[in-house]
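Please open the structure in a viewer and keep the selection panel at hand. The stops below follow one another, each with something to select and a note on what is found there.

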Amino acid sequence: MIQVDANKCLGCFACSNICPNQFITREEEEGKRRTIRWSKCKEECDICVEFCPAKALTLIPYSDSTPEVIEVSFDLVPCEVCKKGFATEPLLKRIRETVPSNLQTDSTGRSWVEICPFCRRELEAEMASKQVVQSRRK
Amino acid sequence: MMRVYVDINRCIGCRSCEVACKRVHGGKGHVNVHISEDRASVPLFCHHCEEAACTMACYSGALTKDGERTSFSLDKCTGCGLCRLACPFGVVWTDKLAHKCDLCAPNETPTCVLTCPAQALSNDYELALKRARARAGRATILGGKR
């Protein structure tokens with residue numbers, strides 16, 4: 001049976017992707033909220049425990065008194081540019097911790113961590129084509 | 001294995017690189033062409049950064065530096081999505097599992113470079129350099145006009 005430490009869970013997709021029995025499911029309200037559900041499982045398998053990036057999962061002996069489903073929900077952090085939710089706060093925190101701080105800003109000094117991947121591409125395209133666009137405006 | 005250089009002046013926004021990339025990667029493309037004000041277009045894909053943030057965020061060892069290339073091995077990926085959030089340019093995708101530009105390894109020349117009809121993509125550093133110098137020269141002669 002899986003035990004979840006909700007304080008450690010990043011709200012990522014690893015365990016739900018990797019579970020061979022679909023005991024772990026996720027639901028996403030596009031741009032708003034993400035919910036992960038761990039069903040009570042009797043399997044002798046610890047793949048999810050092994051692959052959890054946050055070590056938030058542990059296996060405990062099966063018991064009838066515990067709830068059928070454990071649920072953890074996250075509000076998605078809105079992108080600084082388009083304001084649509086794109087990632088959970090623990091995931092972004094993890095990025096801030098693992099990527100050296102000098103790499104967390106672009107050439108103009110702007111931090112990109114709080115910008116969604118879609119807007120990061122838009123900004124990159126805008127920056128890269130600025131000169132060409134200007135020369136063709138005339 | 002060489003990096004791909006983009007000449008934005010030459011890009012015609014036809015998206016051939018997008019299509020070619022999808023074709024050789026089982027329907028999952030890693031190039032994204034952006035149009036700026038209907039005046040210019042830019043194909044966006046992995047920069048193969050020297051200090052690649054995606055490899056630092058990846059905890060399972062799926063993303064690693066392999067010489068100049070930032071390489072990805074599908075069998076180690078858990079699809080957590082950390083790399084997607086760690087890429088400053090938004091060019092690592094997660095579609096259940098992650099996927100990104102692999103420079104078409106082990107081929108010598110990436111398919112997008114072979115396909116581009118406008119020769120906006122190349123993996124020849126000398127050519128990219130020569131073009132940039134020629135453009136700067138022309139700009140000087142024409143008094144700043146390109």
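Select chain A: of its 138 residues, 29% are buried, where buried denotes 20 or more other C-beta atoms within 10 Å of the residue's own, exposed 12 or fewer, and partly exposed anything in between, with C-beta atoms placed from the backbone. The model is a predicted one, in which local features need pLDDT of at least 70 and side-chain atom pairs count only at pLDDT 80 or more, while totals for chains, interfaces and linings use all residues. Residues are numbered from 1 along each chain as its sequence is written, and chains are lettered from A and ligands numbered from 1 in the order in which they are written.

**Chain A as a whole**

Colour chain A by secondary structure to find four helices and six strands; helices (H or I, at least four residues) and strands (E, at least two) are DSSP runs numbered from the N terminus. Read from the N terminus, their order is β-α-β-β-α-β-β-β-α-α. Along the principal axes, the C-alpha trace of chain A spans about 75 × 30 × 25 Å. Its radius of gyration is 20 Å, whereas a compact globule of 138 residues would have one near 14 Å; the radius is taken over C-alpha atoms, and the globule rule is 2.2 Å times the number of residues to the power 0.38. Among the contacts in chain A with a separation of 6 or more, 64% are between residues 24 or more positions apart. Two residues are in contact if their C-beta atoms, placed from the backbone, lie within 7 Å.

Select A:Glu28, in strand β2 (residues 24-29) of chain A. A:Glu28 counts as partly exposed because it has 14 C-beta neighbours inside 10 Å. From A:Glu28 to A:Cys79, 51 residues away in sequence, the C-alpha to C-alpha distance is 16 Å.

With 17 other C-beta atoms within 10 Å, A:Ile70 is partly exposed. Neighbours within four places in sequence aside, the contacts of A:Ile70 are A:Val4 and A:Trp38. A:Arg94 lies 24 residues from A:Ile70 along the chain, and their C-alpha atoms are separated by 23 Å.

Then select A:Lys55, in the loop between α2 (47-51) and β4 (57-59) of chain A. A:Lys55 is not a glycine, yet its phi is positive, at about 50 degrees. What makes A:Lys55 count as exposed? The reason is its 10 C-beta neighbours inside 10 Å.

**Where the chains meet**

Show both chains: 32 residues of chain A are in contact with 31 residues of chain B. On the chain A side, α1 (14-18), α3 (89-98) and α4 (117-137) each give two or more residues. The most come from α4(A), with 15 residues. By class, this side of chain A has 19 nonpolar, four polar and nine charged residues; Ala, Val, Leu, Ile, Met, Phe, Trp, Tyr, Cys and Pro count as nonpolar, Asp, Glu, Lys and Arg as charged, and the others, Gly among them, as polar.

Centre the view on B:Leu82. Beyond its neighbours within four places in sequence, B:Leu82 is in contact with residues including A:Cys12, A:Pro53, A:Leu91 and B:Ala57.

**Chain B**

Colour chain B by domain: domain 1 (1-45 + 112-141) and domain 2 (49-100), with bounds from an automatic or database domain assignment. Their centres, over C-alpha atoms, are 23 Å apart. Six residues from domain 1 of chain B and nine residues from domain 2 of chain B take part in the contact.

Select helix α5 (residues 125-141) of chain B, whose 17 residues reach 25 Å from first C-alpha to last, close to the expected 24 Å; the expected span is 1.5 Å times one less than the number of residues. The count of buried residues in α5(B) is zero. Just after α5(B), B:Gly143 has a positive phi of about 65 degrees.

Finish at B:Pro106, in the loop between β7 (97-99) and α4 (111-115) of chain B. The peptide bond joining B:Ala105 and B:Pro106 is cis, with omega about 5 degrees.
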